[in-house]
Each structure stands twice: as structure tokens, then as C-alpha cells.
Amino acid sequence: MSMTASNHDTFRDLSSGTPAPFTVAARSLPVVLGLQFLLAGQALYGEIGWGAHAIVGGIISLPVLGLAGYALLVRRLRGFARWACALLVLYLGQVGLAATGGAALAIHPFNAALLLTASLVLLFKVERRNARCVNAQSV
């Protein structure tokens, strides 16, 4: 069975397109998460400390909140809500793990990997929708 607007909820109302801030948030999140991994490595094995990692960790909240907000509030983007909310839960868990410290920090890298994976899945879905939007407008 092929995925069409009638049987796949991320393809809803393709003629209206995908809001640019939603696409930018989806594209930027994996990049910023990758930067976070690099900063963590530098903090562990380099000489930069944890300050930059903490600042970028706070900045990550912007695309995460944007994706969840758009997915919940914009009707045609509701098909993304499951992954956007998963990102929000994983991000909140990440902040909680960092704030707790101690043994909880052992789970922090694993949760970060889950967060990056979920962001890539969501990005794939957004780009698939964007490709369908372009095809729908060129027909």
C-alpha cells in the first residue's frame, strides 16, 4: 500500500506546505545535537570545561519546543506530534539527568543518543512531507 494524504497523517493538507520555522527546527536540531556530542567530548578530553555544553543544552530547547508546539497546534502537522513529543520527553529527561548528577549521568549519553535518533527520524518525516509538497505544487 502506498502512502497518500488520505492514509498518512504527515501528508495532510500538502497544498498549504510546511511552515518554514518547523522545517528549520527539524533541520537544525540534529546539527545542534551533534555539536553537543562534540562539546561533551571536548569537556571530557579537552580543556574547555562544561560551560559551552550547558549553554548549547539550553539552546536545544528552542527547536524542541518549536517542533512540539507546531505539531500540537497546527492541524496539518499533527502527524508529527508523536515524534515531536517524544523529543520533548527525551529532552526533559536529558535535563533532569544532567541536573540530578551522580549515577544518573551514566544514562545521560544513552538518552542523548536516543534524542539524536528521534530527531533524525522526525527530520526524515519532515523532508518527506516537503518533497510531497513540492510535487503537489508542481502538478
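Predicted model: local features only at pLDDT ≥ 70, side-chain atom pairs only at ≥ 80, totals over all residues.
Let me start at the surface, where Leu 44, Tyr 45 and Trp 50 form a nonpolar patch with about 430 Å² of accessible area together. Patches here are made of residues with over 30% relative accessible area and no salt bridge, nonpolar side chains (Val, Leu, Ile, Met, Phe, Trp, Tyr) being joined within 5 Å and like charges within 9 Å; the accessible areas come from the Shrake-Rupley method with a 1.4 Å probe, and for residues only the protein chains shown count as cover. Leu 44 belongs to helix H1, residues 20-45, and with a relative accessible area of 53% Leu 44 is exposed, where exposed means over 50%, buried under 20%, and partly exposed in between (1.4 Å probe, protein chains only).

Residues are numbered from 1 along each chain as its sequence is written, and side-chain values use heavy atoms, with hydrogens and water left out.

As for the overall architecture, the protein chain has 5 helices and 0 strands, helices (H or I, at least four residues) and strands (E, at least two) being DSSP runs numbered from the N terminus. The C-alpha trace spans about 55 × 25 × 25 Å along its principal axes, and 40% of the 139 residues count as buried. Among contacts (heavy atoms within 4.5 Å) between residues at least 6 apart in sequence, 69% join residues at least 24 apart.

If we leave out residues up to four places away in sequence, Leu 67 touches Phe 22, Ala 25, Ala 26, Leu 29, Ala 84, Leu 87 and Leu 122.

A polar atom of the Ser 119 side chain lies 2.7 Å from the backbone oxygen of Leu 116. Beyond its neighbours within four places in sequence, Ser 119 is in contact with Leu 29, Pro 30, Leu 33 and Leu 87.

Finally, the charged residues: side chains of opposite charge can pair when their charged atoms come close. The structure holds 1 salt bridge, defined as a side-chain nitrogen of Lys or Arg within 4 Å of a carboxyl oxygen of Asp or Glu. Glu 127 forms a salt bridge with Arg 27, and the closest N and O atoms are 2.5 Å apart. Glu 127 lies in helix H5 and Arg 27 in helix H1, so the pair ties together parts that are 100 residues apart in sequence. Glu 127 is partly exposed at a relative accessible area of 27%, and Arg 27 is likewise partly exposed, at 44%.

Terms used
Polar contact = N/O pair within 3.5 Å; in protein donor to acceptor, adjacent residues only side chain to side chain.
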